[in-house]
Amino acid sequence: MTTKATRAVGVDIGGTGIKGALVDLEAGELLSDRVKVATPVGAEPADVLAAVRQVLDTLGVTDRHDVPLGVAFPAIVKHGRTLSAANVADTWIGFEAEKFFEDGLGREIHFANDADVAGIAEVQFGAAHGVDGLTILTTLGTGIGTALLYNGVLIPNAELGHLQRAEKKKDFEGVAAYSAMERESLSWPEWAGRLQAYYDHLEFLFSPDLFVVGGGVSKHADEFLPLLKLNTPIVPARHRNNAGIIGAAALALQDAH
Ligand code: BGC
């Protein structure tokens with residue numbers, strides 16, 4: 001008798017860090033410690049591949065081809081190709097990224113946008129579970145990632161971090177990502193003012209039913225979410241910054257069946 005696999009590895013490649021863990025997809029929880037390495041400067045494909053291999057080595061799963069592997073990446077991903085590069089090298093634009101990782105790692109992987117997989121994790125195991133209508137998940141990190149989920153179904157590759165502030169012709173990501181707060185040493189209220197403008201705009205455009213906020217800073221949600229005045233409920237991602245790892249693993253397991 002074979003038992004259905006319930007474990008997979010998730011690797012979440014970000015503009016600043018590459019994180020991975022073994023995930024239990026019955027519980028939607030990490031089974032191992034979370035391993036993190038810095039994203040190599042310049043984030044060229046060969047260097048990112050080496051860093052992903054380092055994460056897998058540390059987890060001791062490099063040769064565990066029986067355990068599905070999901071990899072999340074901070075760019076538009078269509079049919080395994082990366083089509084944009086906001087916080088990584090331009091080499092990724094139009095690049096056969098999934099094949100590159102599969103050849104480099106000598107195994108099959110499942111490859112998707114980082115915010116989209118965080119959305120999948122929050123629908124399956126977190127704040128967006130069972131929510132009717134439109135949930136917009138935003139990840140506030142090096143960039144701003146977004147996932148649109150309608151009645152629990154993902155509409156992939158929404159790039160709403162690149163909406164522009166009309167008066168400045170500048171992406172919201174450039175002024176309202178967590179990296180902008182760090183770079184400009186903003187206070188929580190100063191940063192929240194920028195987030196207010198961003199979420200107001202999203203609310204006007206989409207009339208969502210729920211906002212979910214992920215990314216590393218979501219562990220400090222108490223510092224900034226109460227400062228926002230919106231008509232739409234806004235809550236932190238239940239899995240905080242691990243949502244990408246869990247969602248990448250969930251995608252891999254789902255595709256493996
Ligand atoms: C990218 C998105 C990504 C987000 C978060 C943005 O700059 O364009 O694809 O989801 O950063 O990493």
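By class, how many nonpolar, polar and charged residues does the shell around the ligand have?

Modeller: This is a predicted model, in which local features need pLDDT of at least 70 and side-chain atom pairs count only at pLDDT 80 or more, while totals for chains, interfaces and linings use all residues. Residues are numbered from 1 along each chain as its sequence is written, and side-chain values use heavy atoms, with hydrogens and water left out.

The shell around the ligand has five nonpolar, four polar and three charged residues. Here Ala, Val, Leu, Ile, Met, Phe, Trp, Tyr, Cys and Pro count as nonpolar, Asp, Glu, Lys and Arg as charged, and the others, Gly among them, as polar. A residue belongs to the surroundings if one of its heavy atoms lies within 4 Å of the molecule. Among the residues around the ligand are Pro74, Ile76, Asn113, Asp114, Ile144, Gly145, Glu159 and Glu173.

Three others from that list, Ala75, Asn87 and His162, come up again in the polar contacts (pairs of N or O atoms within 3.5 Å). A polar side-chain atom of His162 is 2.8 Å from a ligand oxygen. For Asn87, an N or O atom of the side chain lies 3.3 Å from an oxygen atom of the ligand. With Ala75, a polar backbone atom is 3.3 Å from a ligand oxygen. On its own the ligand has 310 Å² of accessible area, and the protein covers 94% of this; such areas come from the Shrake-Rupley method with a 1.4 Å probe.

As for its place in the fold, the ligand lies between domain 1 (4–116 + 243–256) and domain 2 (130–237), because both give residues to the shell around it. The domain bounds come from an automatic or database domain assignment.

Note on methods: Polar contact = N/O pair within 3.5 Å; in protein donor to acceptor, adjacent residues only side chain to side chain.
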